[in-house]
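User: I would like to learn how to read the main features of a structure such as this one, from sheets and helices to backbone angles. Could you take me through them in turn?

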Amino acid sequence: MTEFDVMPGNKAVAYGVKLSRVEVVPIYPITPQTTIVEYIGEFIANGELEAEYIQAEGEHSAMGMAIGASLAGARAFTASSSQGVAYMHECIAQAPGYRTPIVMAVANRTLGWYWALGPDYSDIMPELNLGWIVLMVESNQECLDTVIQLYRVAEDPRVLLPAMMSLDGFYLSYSYEKVLIPDQEVVDEFLPPYVAKYPVDPTISDKWPAPGLPPALHTTYRRLFEEVLGDAKRVIKEVDEEFREIFGRGYGGLLEEYKCEGAEAVLVTMGSMTTAARRAVDRLRREGKRIGLVKLRALRPFPKEEFRRIAEEVNVIGVVDRMVLHGTGGGGVFADLKSALYSLEERPKLLNFVAGMGGDDISVEDFMAMGRKVHRVLETGRVEREVEFVEHPLPPSRGPVPMEKMPIYPSSGGCAGCGASIALRNILDVLGLNTVVINPPSCATVNYSAQVSVPWVLANYAAGPAYETGVFRAYRIKGKTGRIAVIGFSGDGGTVDIGLQALSGAAERGESMIWICYDNEAYMNTGVQRSGSTPLFSRTTSTPVGKLWRGKGQRRKNMVLIMAAHRIPYIATASIAYLPDLRRKVKRAAEITAAGRGLAYIHIQQPCPTGWYFPVDKTVEVARLAVETGAWPLLEIEEGKMRINFKPRKLKPIGEYLRLQGRFRHLTEEEIAEIQRVVEEDWRSWLELEKMGKLPWY
Amino acid sequence: MVLAKGEVSEVKGLMLRGGRSVGGRYVADWRTFRPVVDASKCRKCWLCVMYCPEGAIGRGEEGAVIDLRFCKGCGICANECPAGAIEMVREE
C-alpha cells in the first residue's frame, strides 16, 4: 500500500532522491534549498539510502563532483538556489556536453541584484539555454514524482542530458502538504539502475565523452543538440504518461491545460503560482468569462508545437512571468512564446504580466485582475499595454530608533545571546567610524548589515577577500591607505571553505587589509551545516547522528597554519570571552595594515547558542571554557614570531566544555577521550612552535 | 526578507543603505526574562557593557543602565556579572 506523509517540498524532493536510489550526492548549503540535502543526509545517516554524501566547499565544486560522478557511471543528484546556481554556472554549462544525466533541484530564489530570499526565476534564467532539461513544479507531490520522472528522461539513451527541477523557494520548499510516497519496488521497476554507455571507467570502456570539438563541427553539434532536445519532448511526454499509468498521477507532459474547453483566452503560469491561478480561473469561469489556464511544465525544451496548437484555438494569451529579461522590456516566457508564435499566419494577441519577483505573493485577486485584463482584450480586440508589472505597496513596519551616530547601533534581528554580535560591537568600537566592512553572506549580513552606520558591503560568497582587495586598492591609488580601516568580516564558511581561494590570493599578494573570521564552527545562516571549521564529532544538520553516523568524522582545518604558510605579517586567534585580548589584537591588526605591511588575519571563535544548542545566557561561558580547555587556544604570530597569549598551568578537561553543548550530547566516553587526545596533541604542537621563536618559513 | 528597507536615492532605481535607514532596533517584545540591576551591588567593572550582544547597556552614575528597548533578555549580563548584581526576572 502506498504510504503518505505531510511534508515540505524539500522533503518530497529528498524522498524522490531516495526512491531513485541516487548513488552520489554532492552538496553545499544555501537557503531555501538546504533542507533538501539535510533530509537526504538523514536518510543516509540512518542507512535508508546507500549513497556517497559529499560536503563540498562551494557550489562550483558541488556541480563538479556531480559531473565527475556521473561521468564515472553513477547516478548523481545535487541541489542549489540563486547565488549557488550562479556560482555553479561554469560547471552547469559543461554538463550537457559531457552528456551527464545529473538531476538537480533548484529551490528558486531571486538572483543577485538586490538580494532577497524569496523566489523568482532569475536564478534559473541564465541556465535555461545551455542544453539542460528544465521542468517547473506546482506541488510537493509533483516535486517527488518529478525527480523520479527526470532520471528516466535524463538517462534515456535518446536524451542523455542533465535535468533541472525548479521548485519555488518557500512556497514549496518549506510549505507542508500531503504527499504520497510510492513503494520502492514499484519505483525500482519504473526506474532501473543507471548504466552509463561510455563511462569514464577503464574497466568498462576504452572511450569516454570528449571535452572539445574542432570549430568546423560546433555548428553541427549545436544542431544535433537541438534535435536531441526535440526528442526529449517526446520522452518527457512518454515518461509522464507511463508514470500516470503506474502511479495514478500525471502532469500533462510538457504543459497542462486547465479549463481550456471553449476558452477564447488563456493565462499561462508556471510553478506554485498556478494553484492560485486555478482558483482565479474557476471564479472567472463562474462569472461567464471564456478563460482557461495553461500551466507550463517544461521551460526547456520549450513546448513550441503545443503552444501553436493552443494559439489556433484562442484569441488572447496572457503570460504571467516570474522573471524579467532586463533590456527587453518584459518576461522570459513571454519572449519565448512570442517567438514561438511569430511564424503563425494568424496570431493571438499577447499580454505579459511580470509578477511575484523576489517572492512577492501573487494572490488569487491578482490573477482575477490579470484574467479580467486578458478578457477585456478579448472583448475590445485592442492591446493597450503589452507588458504590465504587477506591483504591491510595502507593508508598514516599525522603523529604526533614531540615535546619535555610532559605528553600530543597539540590538539587531539576530538571535538572543549571539556571540558574533559581541565580537562585531567590540571590533567596530576599536576601529571607529572610518571603517568599511566587507562581508560575504552570513548571519551577520542578515542581522547586522542594517544596524551599522559604517559602510557595509555585501560581497558574493567566494569573493569576499576579492571585494575587499578592490576597495583597498582603490583607497591606495587615491592616497588613502591608513585613513580608513578596511575589514573583511566573514563566517567560517566564507573564510575556510568557499572564500579560501580569494583569501589565499589576497594574503600572498600582500593586500594590506584586515580579514576577520567570526567562527561559529558551522554554516549557521542556512541552519547549521558542517564547515571545514566544524570540530570533530560535532552534530550538524549535514553531519547528523544516526544509526551509521556520529556527527562530523573529520578534524577542523588549522587556519592559523594555513595563513602562516602565506608569511603574512599578523595572525591571531581571539575569543569573545577575552575581550581586552581581542580588542588589542584588532588594534594591532589596524596598525600593521595602516602601515601597508600586508594582510592581518584574526580568527575569533564565536559560540552560537542556536547552532551549538546551549542556553542563550551561556555564550561567553562556553567561549571561556573553550580557551580554558585548550579547544580554542589564544595565540598570535607577528612577523613569524609565535606567542600563546593564555597559558593555564593545566588545561581543564574537555568534558567541561563539551557537556554544556547539545551538539556533543551524543558523545560516548571513548569519543570524549578522543577529542581530549586531539586537543592535547594540538596544544603540544603550539607549545613547540612557540619554543622555536620564529616560525622557520618566515 | 529580513534585510531592512533602505533609503531612496536621487539615482533612479538605486536603493541606499545608511543615513536615516539605520538606527537602534526595538526588540523589547522579544523578551521572556528581563534583567534587573541591583545598583547597590554593582562594582562598575562594566563587563556587562562589553559582553552585551545588543549594546543595550550603558555606564550610569549608579551602575549599569539597561535600555530595555534594545534588550532581548538573553541573560549574558546576569551570567557574567562577577558581583551577582543582575537578576533575570520573568516578564509579566
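Analyst: What follows is a walk through several features of a predicted model, taken one topic at a time.

User: Let us begin with the sheets. In what order do the six strands of the open sheet in chain A run?

Analyst: As a general idea, strands of a sheet pair through backbone hydrogen bonds, and the pairing may be parallel or antiparallel. In chain A the six strands of the open sheet follow the order S9-S11-S10-S13-S16-S17, with mixed pairing. Strands S9 (255-258) and S17 (387-389) of chain A stand at the edges with a single partner strand each, so one side of each has no neighbour in the sheet. On average, and with direction ignored, neighbouring strands of this sheet are turned by 20 degrees against each other.

User: How many bridges link S10 and S13 of chain A, and what is the bridge partner of A:Val268 in S13(A)?

Analyst: Strand S10 (residues 265-269) and strand S13 (residues 316-321) of chain A pair in the parallel sense over four bridges, and A:Val268 has A:Val319 as its bridge partner in S13(A). Helix H11 (residues 364-380) of chain A lies across S10, S11, S13 and S16 of chain A, and it runs at about 140 degrees to S10(A).

User: Are the residues of strand S22 of chain A buried or exposed?

Analyst: Burial is judged by counting C-beta neighbours, and a residue is called buried if 20 or more other C-beta atoms lie within 10 Å of its own. Strand S22 (residues 570-575) of chain A is mostly covered, with six of its six residues buried.

User: How should I read the packing of two helices, and at what angle do H12 and H18 of chain A pack?

Analyst: One looks at the angle, the axis separation and the residues that meet. Helix H12 (residues 419-431) and helix H18 (residues 579-594) of chain A pack at an angle of about 45 degrees, and their axes are 9 Å apart. That angle makes H12(A) oblique to H18(A), and the crossing is right-handed. From H12(A), A:Asn426, A:Ile427, A:Val430 and A:Leu431 meet a set of H18(A) residues that includes A:Leu579, A:Arg583 and A:Lys587. The residues of this contact divide into seven nonpolar, one polar and two charged.

User: Which backbone angles deserve a second look?

Analyst: Most peptide bonds are trans, and most residues other than glycine have a negative phi. In this model the peptide bond from A:Thr31 to A:Pro32 is cis, with omega near 0 degrees, and A:Pro32 lies in the loop between strand S2 (24-27) and helix H2 (35-45) of chain A. A cis peptide bond also joins A:Arg300 and A:Pro301, with omega about -10 degrees, and A:Pro301 belongs to the loop between S12 and H9 of chain A. As for phi, A:Arg21 has a positive value near 50 degrees; this residue sits in the loop between H1 and S2 of chain A and is partly exposed, with 18 other C-beta atoms within 10 Å. A:Glu639 likewise has a positive phi, near 45 degrees, in the loop between S24 and S25 of chain A, and its 14 C-beta neighbours inside 10 Å make it partly exposed.

User: Where is A:Phe302 found, and is it buried or exposed?

Analyst: A:Phe302 is found in the loop between strand S12 (298-300) and helix H9 (304-313) of chain A, and it counts as buried because it has 21 C-beta neighbours inside 10 Å. Leaving aside neighbours within four places in sequence, A:Phe302 is in contact with A:Asp336 and A:Ala340.

User: How many residues does each chain give to the contact between A and B?

Analyst: Interface size is often expressed as the accessible area lost when the parts come together, but here one can count residues. Chain B gives 33 residues and chain A gives 38 residues. On the side of chain B that touches chain A, the largest share, four residues, comes from H2(B), and the residues of that side divide into 17 nonpolar, eight polar and eight charged.

How values were computed
Residues numbered from 1 in each chain as written. Chains lettered and ligands numbered in written order. Predicted model: local features only at pLDDT ≥ 70, side-chain atom pairs only at ≥ 80, totals over all residues. Axes fitted to C-alpha atoms, helices over the stretch in contact; angles between N-to-C directions. Parallel < 35°, antiparallel > 145°, perpendicular 65-115°, else oblique. Left-handed = near helix turned anticlockwise from the far one by under 90°. Contact = placed C-beta atoms within 7 Å. Nonpolar A, V, L, I, M, F, W, Y, C, P; charged D, E, K, R; others polar. Pairing = 2+ DSSP bridges. Buried ≥ 20, exposed ≤ 12 C-beta atoms within 10 Å, placed from the backbone.
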